[in-house]
Amino acid sequence: MAVIFERTKGLLDVPTHYCPGCTHGVIHRLVAESLEELGVLDRATGVAPVGCSVLAYDYFSCDMHEAAHGRAPAVATGIKRAIPDSIVFTYQGDGDLAAIGTAEIVHAAARGERITTIFVNNCIYGMTGGQMAPTTLPGQVTETSPYGRDVNTAGHPIRVAEMISTLDGAVYVERVSVDSVPNILKAKKAIKKAFEIQMQGLGFTLIEVLSTCPTNWGLAPVEALKWLRENMIPYYPLGVKKDATTGEVK
Amino acid sequence: MAEKILMKGNEAIGEAAIHAGCQCFFGYPITPQTEVAAYMARKMPKIGRVFLQAESEVAAINMVYGAAGSGVRVLTSSSSPGISLKAEGISYIAGAELPCVIINIVRGGPGLGGIQPAQSDYLQATKGCGHGDYKMVVFAPASVQEMVDLVQEGFDVADMYRTPVMVMGDGMLGQMMEPVEFKERQGRQLPSKDWATTGLRGKREKHNVINSLFLKPEELEEHNRKLQAKYREIENNEVKYEMYNCEGEVDIVIAAYGITSRICKNAVKMLEKEGIKVGLIRPITLWPFPSKAFEEMCGKTKHGFISVELSEGQMIEDVALAVNGRAPIHFYGRSGGMVPTPAEIANKIKAIVGGAK
């Protein structure tokens, strides 16, 4: 009988700690499948962040580093520079990457580090229990924006993919979403392309993945997917923000 | 014998690291250690190794964490305010049990302080530096030659025990020129780095994970106790110190390290001419601290000990712990970049021991 689908070898056969309906599991699988399909699992090293995906090092089957909050791009730089033929990725959330780790992500991109960053944006701090993130939408209610994010006092959300795409060292930047099957397939294509570009040694690649947090949004999983579509995508438009391999800048 | 060459302390650090097989240097400019980075920037690319100027000390130490986890010898260098920024990363490196060498060319603090020599980071260096229950081996060279030797030794000790090692100098040692020799070293038998994240490369079934997170209290306690057992081993095997003029009975014993110990040696010679016998204990490892040397002198000193430091009194705490009430302890320190003269130290000692004997 022909095998038409099987578990990726890029993930270990262990239960994850993620909440029901959380999209981290899907994104982990897309990263793992991409590494496996490109035949680079054997020379891949991932860097886990601080946040909900802090334990990602227990789930990926390749070598892994756990980094301090926000420092994953610096850690990844150290790994890549030490062993240049490694395929190195960081997996970071919005608090980790867009608040405490802004210096590290901007400079890793500016240097054109041959690494791939998977940036999971769900507009909230998940692990600490639902506080305002740099990507929290205007008016969005969180534990630390209980009356809704007021941009006059709490500032404006950061569009990371657009910001990174302005840097010359970044060669491929795309924003994708995992709210639907067609979008998941597009996300997979983007992640795989980013790794291919890293394998060619062309420069820094970042894929921003719009993701859900049913627990801290206080929504059922299906409602959360709908919320993502109706609220996040209008503010964070999907698509390729920069592709220096074709000269495309949006 | 290797040729002797005249080198600035900071540049000698870089050359010593290269001799020790350091593959990567990550740093950020700060006075008075910037020549280390400048030297590495000139040399490392020419021999196919990595020099990278990071966006901050925070990023630099995390690059060190990544490279050390990948199994290569790695160096970073900074000065006091920069070391405070690196403290977070040093804690992770200690927690994840990674080897690396960190240079601190100390300047006066607190805050931005000044840029002149000081020894005011003693407590920060020897009591851990960052958060958590850990220790860091701290070497305190007193000459450019010793700086070279200890940087090389530092890489071995780091690999031997999978621990961060700090080589702590001061602005004067970093900036002064002295003749140095890069000797052929008797290498240690070092354990293989089978824990490194090199990628599985068909050689391993199970992935390697570099990590300092232990969410279960039982596991974290077990990890902490494993670290402590390692620190006891380091305390048993790696203490280094010099005892100068300590034969027989002495009037007083000076405790001084680094550049201060050299000034103190001149004070010892000056006092000798006046019939005052002064011993000197020079800790070379600040942690582990050479407590036994102090215990040994407790019964042989008439007026106890005097800790002489370029600080307002930091090493004196370890001297007091070692002496444990068995003899009086005095202090003389200058800070903020002020450096005492031998005569100043001699006068202080005369005031304690009561003039010529």
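Predicted model: local features only at pLDDT ≥ 70, side-chain atom pairs only at ≥ 80, totals over all residues.

1. Two residues are counted as in contact if their C-beta atoms, placed from the backbone, lie within 7 Å. On that basis, 28 residues of chain A are in contact with 34 residues of chain B.

2. On the side of chain A that touches chain B, the elements giving two or more residues are β1 (44-48), β2 (63-66), α2 (72-82) and α4 (102-110) of chain A. The largest share comes from α2(A), with 8 residues. By class, this side of chain A divides into 14 nonpolar, 7 polar and 7 charged residues.

3. The two chains are also linked by strand pairing. Strand β2(A) runs parallel to strand β9 (residues 209-210) of chain B, and 2 bridges join them. Within this pairing, A:M64 stands opposite B:V209 in β9(B).

4. Chain A has 9 helices and 8 strands. Its radius of gyration is 17 Å, close to the 18 Å that the globule rule gives for 250 residues, so chain A is as compact as a globular protein of that length. The C-alpha trace of chain A spans about 50 × 45 × 30 Å along its principal axes.

5. How much of chain A is buried? Buried residues account for 56% of its 250 residues. As for the contacts in chain A between residues at least 6 apart in sequence, 66% join residues at least 24 apart.

6. Chain B is divided into domain 1 (4-237) and domain 2 (242-353). The centres of these two domains of chain B, taken over C-alpha atoms, are separated by 28 Å. Between them, 26 residues of domain 1 of chain B are in contact with 22 residues of domain 2 of chain B.

7. Which elements of domain 1 of chain B supply at least two residues each to the side that touches domain 2 of chain B? They are α5 (122-126), β6 (137-139), β7, α7 (171-175) and α8 (217-237) of chain B. Helix α5(B) gives the most to this side, with 4 residues. The classes on this side of domain 1 of chain B are 16 nonpolar, 7 polar and 3 charged residues.

8. Chain B contains an open sheet of 7 strands with mixed pairing, in the order β3-β2-β4-β5-β7-β6-β13. Its edge strands are β3 (50-53) and β13 (285-287) of chain B, each of which pairs on one side only. On average, neighbouring strands of this sheet are turned by 20° against each other, direction ignored.

9. Within the sheet, strand β5 (residues 100-106) of chain B and strand β7 (residues 164-170) of chain B pair in the parallel sense over 7 bridges. One pair of bridge partners is B:V101 and B:V165, the latter in β7(B).

10. Two helices of chain B pack on this sheet. Helix α1 (residues 9-19) of chain B touches β4 (74-78), β5 and β7 of chain B, and its direction makes about 175° with that of β5(B). Helix α4 (residues 80-95) of chain B also touches β4, β5 and β7 of chain B. For α4(B), the angle with the direction of β5(B) is about 160°.

How values were computed:
Residues numbered from 1 in each chain as written. Chains lettered and ligands numbered in written order. Pairing = 2+ DSSP bridges. Axes fitted to C-alpha atoms, helices over the stretch in contact; angles between N-to-C directions. Nonpolar A, V, L, I, M, F, W, Y, C, P; charged D, E, K, R; others polar. Rg over C-alpha atoms; globule rule 2.2 N^0.38 Å. Buried ≥ 20, exposed ≤ 12 C-beta atoms within 10 Å, placed from the backbone. Domains from an automatic or database assignment.
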